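This briefing is meant to be read with the model open alongside it.

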Amino acid sequence: MTGLTFELLCMQLLTGIALGSIYALLALGLCLIFGMLNVVNFAHGAFFMVGAFMGVYFLGVTGNFWFSLVLTPLVTGGLGLLTERFLVRPLYGRGLDYPLLLTFGLSYVLIEAMRVIFGIEGLPSVTPDGLKGTVDVGFGFFPKYRLFLIAATALIIFGVWFLIQKTRYGLIIKAGAADQEIVKVLGVDIAKVWLLVFGLGCAIAGLSGILASPTRSVNPEMGIPILAESFVVTVVGGLGSPLGAVVAGLLVGVVYSMTSLFFPDLSELSIFVLMAVVLLIRPQGLFGKAGAMG
Amino acid sequence: MNPLFQLIARHRVLASSLFLMVFPFIMPYEALAINILIFGLFAMGFNLLFGYMGMLSFGHAAFLGIGSYLTGIAIVHYSMPWGAAILIGVIGAAIGGLMMGFLAIRTRGIYFSMVTLALGQIVFYIFYKAESLTGGENGLRGVRVDTFNILGFPVDFLNPLIKYYIILFFVILAIWLISRILNSPLGAVMEAIRENEKRAAACGFDITRTKLLVFILSAAICGLAGSLRALHLSIVPIDSLNYLQSGQAVMMSILGGMGTFFGPFVGAAVMLYLEDVVTTFTRHWMAVIGLVFMFFVLFFPKGIWGTILNKFNQNQGSK
């Protein structure tokens, strides 16, 4: 390995963390919905994709990245609310597979919808003006946007953590996940909580879509591989563990970028190998509880 | 139960064989009939695991793909005879099933679906990266079989109707095998596991081994479907390995009726026919398929065949 320096290693580590941020966000959204509603949202990748499209579209219309950063999660969150209310809700109590199947069908529809609206080629991805270029991080020049990505992710994760751990809503969410009957008896409209949690999960998926959009091509199929990868993150972290989602997300990102440094041919495979190893040693995932895997 | 259904159910292999023999004549063209045959088999193989044992795999495209690619590679790169090529495809898929099943059956329920989906992506990337053998993004081209030698007699494989019947031979063989499995004690254990895994374990059945065995059998059948598809299309598109393809098997099973013998076939037929019709109006057939599928999940979870069976059972007032 010629040219392998400590600086290069650090750069790759930071790149991995930036990539992992997206994974962490996606897995966090999946995890919120699963932890509360016991639903694996198979349309999560599609919501991510819709988020990327909306982000680029709003950026084009308003010319303001921050504006689209606010609008996009509102759109995907709203879609999420509609999905829960009219599609997922009728399926509660009919077994775990049905909501999963339904959201899978929904992903087909969302992919086609974007093809109808924006064409099959997709949209050119745009980096917002203020975040172009690189910045000196001590061991080299790192793209400004990726640093922003890491910071934004940290902020969102902190926000979700704050919501769940420090607010009354969070208390209800946690209680509802633990025992929905009791929460109902206490007079909380649990259906409304579920609705909002599903919407929140989809809003986060959309947010990760717009955040990721400058770093990858925006096309209707972009959610397909990312869904598989966020499942890997979820499996590695442990289904239903928000901490697991974040840690595994970053881990998967770093493993990916390190493998692409040393064995570029194996980079796509590396995270799946990681999953296989975790499954062999801890089938419930790094932070999952034994027996809590459905 | 309705006597007609009873008769069909009792002689299901014969009934499906007879129906499939006249099937190409009620379809608009033979290529569609062949497609339905292949995907019907794919969905039936998948349904063995999902409908009868309750394990929702989202990675079965891997076996369709392994079957297709290995058969294709054997023919294109090693000029093997078609029979050996099919065998390699099926065995390869079974080995793939062993490896994937070994990892996946350690998990349950939703987790199982997620793990199989992710493992299926591994297979996708392996074949995608092995470009010199598989053609990578362009797919494997030139899986040409012009004549089939059957017992020394050359048969024109390019004639669509003859192609249909040759493929049908293998499909009937597989249908017979599936029927035998379901009628055997293994089939009973599978349904016991679906209904209550803990109770089945308490009855003394080896759950892990049964699951793995069924996973392998299911993979082998889907591999056969893949092999036949490679011969039919004469190319292997990389899309065969995409998890949306796994989803097709899921959709077909649900649409037709999971856990019923004919359901997956009915589902495959309806879905592919629908696709054929819709594509003449719009290229956005995926949206239509998705909406139809969502409609069935919401309102007809038993699927077309399952709902029909239910109706007849109710009308008879028995069972």
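In this predicted model, the largest nonpolar core holds 210 residues, and the members that touch the most others are A:F42, A:F104, A:L211, A:M275, B:F63 and B:L228. Helix α3 of chain B, which spans residues 30-53, contributes the largest share of this core, with 17 residues. In soluble globular proteins, nonpolar side chains tend to be buried together.

**A core residue of chain B**
- B:L228, one of the core members that touch the most others, has contacts with B:I38, B:L41, B:I86, B:I167, B:F170 and B:V171 once residues up to four places away in sequence are set aside.

**A hairpin in chain B**
- Strand β2 of chain B (residues 147-150) pairs with strand β3 of chain B (residues 153-156) in the antiparallel sense, and the pairing runs over four bridges.
- Within this pairing, B:T147 is placed opposite B:D156 of β3(B).
- Two residues separate β2(B) from β3(B) in the hairpin, and in this turn B:L151 has a positive phi of about 50°.

- A:T72 belongs to helix α3 of chain A, which covers residues 65-88.
- With a relative accessible area of 0%, A:T72 counts as buried, because that term applies to values under 20%.
- Apart from neighbours within four places in sequence, A:T72 is in contact with A:G51, A:M54, A:G55, A:F58, A:G206 and A:I210.
- A polar atom of the A:T72 side chain lies 2.7 Å from the backbone oxygen of A:S68.
- Although A:T72 and A:A151 are 79 residues apart along the chain, their C-alpha atoms are separated by 18 Å.

**Chain A as a whole**
- Chain A contains eleven helices and two strands, and their order along the sequence is α-α-α-α-β-β-α-α-α-α-α-α-α.
- The radius of gyration of chain A is 19 Å, close to the 19 Å that the globule rule gives for 294 residues, so chain A is as compact as a globular protein of that length.
- Along the principal axes, the C-alpha atoms of chain A fill a box of roughly 65 × 50 × 35 Å.
- Of the 294 residues in chain A, 55% are buried.
- Among contacts in chain A with a separation of 6 or more, 75% are accounted for by residues 24 or more positions apart.

How values were computed: Residues numbered from 1 in each chain as written. Chains lettered and ligands numbered in written order. Predicted model: local features only at pLDDT ≥ 70, side-chain atom pairs only at ≥ 80, totals over all residues. Heavy atoms only, no water. Pairing = 2+ DSSP bridges. Core = buried A, V, L, I, M, F, W, Y, C linked by side-chain atoms within 4.5 Å. Buried < 20%, exposed > 50% of the residue type's maximum accessible area, 1.4 Å probe, protein only. Contact = heavy atoms within 4.5 Å. Polar contact = N/O pair within 3.5 Å; in protein donor to acceptor, adjacent residues only side chain to side chain. Rg over C-alpha atoms; globule rule 2.2 N^0.38 Å.
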